[in-house]
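These are my notes from a first look through the structure. I went place by place and wrote down what I found.

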Amino acid sequence: MAKIAINLATGSLQKEEIIVGIDLGTTNSLVAIIHPDTRTPIALKEHNSSSLVPSVVHFDAYGNVTVGEQAKALLITEPQNTIFSAKRLIGKSYNDIKSNASFFSYKVIDDNNQSLVKVQVGNKFYSPAELSSFILKELKQRAEHILKTPVNKAVITVPAYFNDAQRQATRDAGKLAGLDVLRIVNEPTAASLAYGLGLHKDEEKTIAVYDLGGGTFDISILKISNGIFEVLSTNGDTYLGGDDIDNAIVQYWLQQAGIDEEALKENSAFAQSIRLAAEAAKIKLSTNDIFEGTLNGDALTITKKVFETLVKPMVDKTIVCCTSALKDAGLAIKDIDVVVMVGGSTRVPLVKETISNFFGRQVNDTVNPDEVVALGAAIQADILAGNNKEVLLLDVTPLSLGIETMGGLMDVLITRNSKIPNKAARQYTTHKDGQSGMKIGVYQGERDMVKDNRKLAEFNLTGIPGMPAGLPKVEVSFLINADGILVVKAKELRSGIEQSIEVKAQENLTDGELEKMLMDSITYAKEDIATRALVEAKTEGEQLLETTEKFVQKNVAHLSKEEMMATAAAMQALQLALTLNDKDIIHTKVEALNEISRPYAERIMDTAISFAMKGRAV
Ligand code: AMP
């Protein structure tokens, strides 16, 4: 049932519950909405404060949690119980992060390399999703405080390269924070939306989104057409960002003063102050030619020129990533129509200039780069709320989805161009007596034989209790959620055993491949129909041979010699027909065998039934 919220600020009833957009960042997070009056996206902030909430969670000795600026202030002095960059851990196992383990100054549990990591604070263990949920809870409370209305629904952004586990963990974090996560949106898609890209149905554009934040760099190449965003490629460096610029400035100052780097490790207060001074210098140098400050009475200066020599190698690194991303997308620089800047570090003029030069066009930097992703998430939220009727950010399945059935046939459960989210289910059964397992092969494509389609996943439903062939009822269900994640579940309905698997349907499929698959399905349509008919006939013939043989063996005592001989001859004829690739001949022989076996099969069944009835009467 829909909830009705009361807007305490205006005293009016809000029929439509507000849906917020959240940028859950590695360094900072924030929440945005579409302003109900101006209909423009705004980042929410308390009076005289920043919209950014540092993505830092602090636990005190009693387990009390603080999030944001207050927690950030304790990063250096209480490293073991102040958690930053939880986003780098989300949906990951220790194996995944082992090579960067020294980055984390808190305890990341390493005793089970395979399963998802946990963080230890005191004697408590937290999953990255729980840690992120504290940040989301803070954002939810902030939004409720500012809007004076309950906030229960959100759109949350994630990097385009996040896999299913990471997207799922982000959803879980939302749930833990008491938020109904309506959609997980790619950060570059959200940033593009904030620039108004993709809001017109007929728009076709190729967009490069350059995101240089506090700790990470991402470049994504997107294509927008028919209101659908597609990620063509992503690249980046998960350990490159504003923090590295700050560090470079600190190193420069230490070098100038002849102070050993080790001094930082021994004096955490000094380390904290000099880092803050470096960040302040960096920010000042975005608009000034020189920074002059002091620390403990000593002068700290740096000119823009020196600053730029420090930053240049980092910017060059990002250019290498941009080149790779273009290559992976199969595009040249001239194919890019728009370049969007995201992340606080893109405020550095050298970054903007270099990227403009590389792409040979002015970059889009008019929207606050710290807020642009959250603003885009708010736009997406508004579209989901149905307030923006002109836009239909409709996601559809580009190809049909189905499973392999007998003889290698494709059995489609969700047809191409179906709207997502979507679900479908169908029942299957076993074809051998006592069959305890069933292989579920999941395919994508338009051809009738799975061998001509794209295999997405395969799993086994095991532990089906022994039953005669045809008796188990295995329901296979497909569920594609709004994030494009397909969950395939197989359940044997009589015993209740089940198994499922998650697949990302559109993964790694380029436009060219998609087009080819569709073209092939048209080119080979006639052959495909013929092949399907033949395979179905063969399957039917093989099954009939099998059941007849079993039936005859079991009931040999009830059959006459003539019946036995006629059956054997018809079976032989069918067997021979199966070797000829002609469905009509197979059908004829199937019919012939049925004609012979039907009379005695019915006779024997009648006897069995009356026998059973008598048995019951006793
Ligand atoms: P984000 O992760 O997008 O919130 O980016 C935060 C990063 O942007 C931090 O490293 C900030 O120091 C940096 N930043 C913020 N403002 C500026 C600025 N004016 N010039 C350079 N870097 C900035």
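The model is predicted, so I kept to its limits: local features need pLDDT of at least 70, side-chain atom pairs count only at pLDDT 80 or more, and totals for chains, interfaces and linings use all residues. Residues are numbered from 1 along each chain as its sequence is written, and side-chain values use heavy atoms, with hydrogens and water left out.

I looked up Tyr239 and found it partly exposed, with a relative accessible area of 24%. Rings of Phe, Tyr and Trp (its six-membered ring) pair if their centres lie within 6.5 Å; planes under 30 degrees apart are stacked, over 60 edge-to-face, and the rest tilted. A search of the whole structure gave me 13 aromatic pairs. Phe103 is in the loop between α2 (94–97) and β10 (107–108), and Tyr239 is in the loop between β17 (228–237) and α6, so the pair ties together parts that are 136 residues apart in sequence. Helices (H or I, at least four residues) and strands (E, at least two) are DSSP runs, numbered from the N terminus. Phe103 is also partly exposed, at 30% relative accessibility. I noted one aromatic cluster made of Phe84, Phe103, Phe104, Tyr106 and Tyr239. The charged end of Arg88 sits over the ring of Tyr239, 4.3 Å from its centre; the test is NZ of Lys or CZ of Arg within 6 Å of the ring centre and within 35 degrees of the ring normal.

Entry two, His58.
Is His58 buried or exposed? I found His58 buried, with a relative accessible area of 6%, in strand β7 (residues 56–59). Its side chain makes a polar contact with the side chain of Glu78 at 2.8 Å. A polar contact is a pair of N or O atoms within 3.5 Å; within protein, one must be able to donate a hydrogen and the other to accept it, and residues adjacent in sequence count only if both atoms are side-chain atoms. Leaving out residues up to four places away in sequence, His58 touches residues including Asn64, Leu74, Glu78 and Thr82; contact means heavy atoms within 4.5 Å.

The buried residues of α8 are Phe270, Ala271, Ile274, Ala277, Ala278, Ala281 and Lys282. They cover an arc of only 140° around the axis, which puts them on the same side of α8; the arc is that of the directions from the helix axis to the C-beta atoms. Among the elements that cover them are α6 (242–257), β18 (290–295) and α9 (304–329).

I placed Leu574 in helix α14 (residues 561–579) and found it buried, with a relative accessible area of 0%.

Terms used: Buried means under 20% relative accessible area, exposed over 50%, partly exposed in between (1.4 Å probe, protein chains only).
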